[in-house]
Amino acid sequence: MREIAFIKQNKEKWLEFELAIFGKAKKNPDELANLYIQMMNDLSYAQTYYPKSKTVVYLNHLASQIYQKIYKTKRAEKNRFMEFFKTEVPLLVYEYRRYLMYSFVLFFLTVGIGVISARYDQNFVRLILGDGYVNMTLENIKKGDPMAVYGTGSNWGSFIGITMNNLYVGARCYIYGIFGGIGTFYIFLQNCIMLGSFQYFFYEQGVFWKSVRGIWIHGSMEIFAIVIETCAGFILGASILFPKTFSRINSFKIGFKNSFKIFLSTFPFTISAGFLEGFITRYSIDMPNWLSSFIILFTLSVISYYYLVYPYIVHKKTQLSAKLT
């Protein structure tokens, strides 16, 4: 069947799906489940015969929205909070995985810009971090503890202050996406260039490994979470700029709802990073190498698995469940 005929044949049915998604046509959970099965069948057909078509993108989006609707309206036998992290967020991350890829590519490019700038401009680090911070760090390096700044203040005070600041930075990365993603790009650019120049500064001073042992105990989750929050900001911006087959306002509603869920999912990781920075990082200089390395690799593995591996597992299970229903 030619694609144009396939579209004409199913156009009215897909319109019914859209009405169900936006609540303009009331459907009970069983009816929604039936719609989801039909949508998955159409999606599978389109993926087979029109793999590079926009029809596949459109149907994939509708299918994910119907699935979210099912979980929202059905009688909840499971813990809603757990279901949010176990199913909803991973499916959304899978749906918007290309925005996550864009965020990571941008992360490595902009961190690289920070590194190169710090290498070829001796004043760049002071411009970015400030004279006061650079001079204090140089003094700490002379004393043999380049990460001494993390040992100032009380554990709880540091934890609360750091966590609130990280949540604020993440919120800016996300909310500024409303300006077509440009605001998100600007905030992310600032933070990544700062990270690159900051890390190169320690390399230049010959204490790179000591800095890694300290910074990345909490940084693995903190920085990764900012990448995810940036991804959410780009999704929000794209919903305004590229409404596809939806009206711009409906596209924005969908984009805001979905991106906000992804943004919220970073909170446990950001809070965990704040806890590590307030209570653990300050002792990094006294830790054995194996312990600091274990903490870094463990935290990085946890958040990487959740956002990079687990969404594919949930997606496959969802497809299999739909076929067996």
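**Notes on cysteines, salt bridges and a nonpolar patch**

1. Cysteine 231 counts as buried, at 4% relative accessibility. (Buried is under 20% relative accessible area, exposed is over 50%, and partly exposed is in between, with a 1.4 Å probe and protein chains only.) Cysteine 192 is buried too, at 3%.

2. A word on the source: this is a predicted model, in which local features need pLDDT of at least 70 and side-chain atom pairs count only at pLDDT 80 or more, while totals for chains, interfaces and linings use all residues. Residues are numbered from 1 along each chain as its sequence is written, and side-chain values use heavy atoms, leaving out hydrogens and water.

3. Back to the cysteines. How many disulfides does the structure hold? The count is 0, with a disulfide taken as a pair of cysteine sulfur atoms within 2.5 Å. For cysteine 192, the closest cysteine sulfur belongs to cysteine 173 and sits 8.1 Å away, so it is too far for a bond. For cysteine 231 the closest is again in cysteine 173, but at 12 Å, also too far for a bond.

4. (The expected span is 1.5 Å times one less than the number of residues; helices are DSSP runs of H or I with at least four residues, strands are runs of E with at least two, and both are numbered from the N terminus.) After α9 comes glycine 206, with a positive phi near 80°.

5. Now the charged pairs. The structure has 3 salt bridges, each one a side-chain nitrogen of Lys or Arg within 4 Å of a carboxyl oxygen of Asp or Glu. In glutamate 88 and lysine 261, the closest N and O atoms are 2.8 Å apart. Glutamate 88 is in helix α4 (residues 80–95) and lysine 261 in helix α11 (residues 248–265), so this pair ties together parts 173 residues apart in sequence.

6. Arginine 126 is partly exposed, with 29% relative accessible area, and aspartate 131 is partly exposed at 45%.

7. Glutamate 139 and lysine 142 pair at 4.0 Å, N to O. They are 3 residues apart in helix α7 (residues 131–142), which means about one helical turn separates them. An α-helix has 3.6 residues a turn, so residues three or four places apart point the same way. Glutamate 139 is partly exposed at 40%, whereas lysine 142 counts as exposed at 68%.

8. Which residues make the nonpolar surface patch of about 400 Å²? They are Met101, Tyr102, Val105 and Leu109. Patch members have over 30% relative accessible area and no salt bridge; nonpolar side chains (Val, Leu, Ile, Met, Phe, Trp, Tyr) are joined within 5 Å, like charges within 9 Å. Areas come from the Shrake-Rupley method with a 1.4 Å probe, and for residues only the protein chains shown count as cover. Valine 105 lies in helix α5 (residues 97–120) and is partly exposed at 47%.

9. Last one: isoleucine 313, in helix α13 (residues 289–324), is partly exposed at 31%.
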